[in-house]
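Subject: A structure for you to explore

Hi there,

Here is the structure I promised to pass on to you. Have a look at it first, and then read through my notes below.

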Amino acid sequence: MSTRFGFGLVLLAALCVSQAAYAERIKDLAQIAGVRSNQLVGYGLVVGLDGTGDQTTQTPFTIQSIKSMLAQFGVTIPPNVNPQLKNVAAVSLHADLPPFAKPGQRIDVTVASLGNAKSLRGGSLLMAPLKGADNQIYAIAQGNLVVGGFGASGNDGSRITVNIPSAGRIPGGATVERPAPTSFGEEHSLVLNLFSPDFTTAHRLAGAINEKIGMGTAAPVDGSSIRIQAPRDAGQRVAYVSMIENLTLEPGEGSARVVVNSRTGTVVIGRHVRVTSAAVTHGSLTVTITEKPTVSQPAPLSAGGSTVVVPTSDVEVAEEKRKMFLFDPGISLGEIVRAVNNVGAAPGDLVAILEALKEAGALRAQLVVI
């Protein structure tokens, strides 16, 4: 039996990203302040399950909900009686209320089990209110669940589960009852918030609007926001925003960054990454341990001896030889990758080299590990 221990870096895929100058629409770079979705949350009961609902002896809130619901329909259950129902599950509801959603429109609802229900497949959600952060009801949810998960179990306790059967969705399962409050149209100006704050992009965005409409129309507030003068009339404001969001500009390029995803082993390097003058050598040390058990027997006619297995280990250390290479001041990403390939280093070695350059203060970029 042989066991190998590699001292070095796990192989990573080095992805070199280069970008050229290009123009983007304002609607892809920023959004209007106040025009946003709102989160809704609720509580309800899913019925019609095939014996996969909550075990009501362990989920008292399910029993309480059933009693309260039945009492509203004139059905009274004695206080000392707890119905043992396996076809009901208590669930949480959540949805996003889009901006400008009007009463009568439909939105999707996500349903998830709160108790110990095994599956919500085949269930139907009873009418349940969805509330916002202000505790006001904004939508009413009801309908049949679509569950992507599946589970099956045997009498011997064996069980198999595919995906998550205790959560599902109701497409268009909620009806909007009231619109979310918005400040759009209430002020003399609009504020555009960049998705990725950048002073250069904010300056260029304001310049593109001023060039199209007139000087003084837009002014950057900071690296994230641009204030724009706008008409108060609703119809004019909609047409005005439509014109602005379709203007194009060249956004500012991001700062030099190296991003390492430790979970997937992916490395992304921006084209502005530079290093100062540095000499680098990189190698790999491998230790190989081979187990060779031998049998030891007692001498003939010996008293009290026994046959035993004696472990024997062979340890071998091998160091891979690598050449040293030199980075000149201001070397670019392409030259770094080319130098690593020339010495025969693996792609994963690039991360170790970059980390070493960062520690030496020679890497002119942010090194981010996610």
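**A threonine inside**

T217 is buried, because its relative accessible area is 11%, which is under the 20% limit. Please keep in mind that this is a predicted model. You will find T217 in the loop between α2 (199–213) and β14 (218–220). What does the side chain of T217 reach? It reaches the backbone oxygen of G214, at 2.7 Å. Leaving aside residues up to four places away in sequence, T217 touches I209 and N210, then R227, I228 and Q229, and also Y240.

**Strands side by side**

**Rings**

How many aromatic pairs does the structure hold? The count is zero. There is still a ring to look at, though: R178 lies over the face of Y138, at 5.5 Å from the ring centre.

Most residues other than glycine have a negative phi. Now compare that with two residues in this model.

F100 is not a glycine, yet its phi is positive, at about 65°. F100 sits in the loop between β6 and β7 (106–113). Is F100 buried or partly exposed? F100 counts as partly exposed because its relative accessibility is 39%, a value between the 20% and 50% limits.

N135 is the other residue to check: its phi is near 65°, again a positive value in a residue other than glycine. N135 belongs to the loop between β8 and β9 (137–144). With a relative accessibility of 54%, N135 counts as exposed, because exposed means over 50%.

If you want a place to start, go to T217 and find its contact with the backbone oxygen of G214.

Enjoy exploring, and send me your questions!

Best wishes

Methods. Residues numbered from 1 in each chain as written. Predicted model: local features only at pLDDT ≥ 70, side-chain atom pairs only at ≥ 80, totals over all residues. Heavy atoms only, no water. Helix = DSSP H or I, 4+ residues; strand = E, 2+ residues; numbered from the N terminus. Buried < 20%, exposed > 50% of the residue type's maximum accessible area, 1.4 Å probe, protein only. Polar contact = N/O pair within 3.5 Å; in protein donor to acceptor, adjacent residues only side chain to side chain. Contact = heavy atoms within 4.5 Å. Phe/Tyr/Trp six-rings, centres within 6.5 Å; stacked < 30°, edge-to-face > 60°. Lys NZ or Arg CZ within 6 Å of the ring centre and 35° of its normal.
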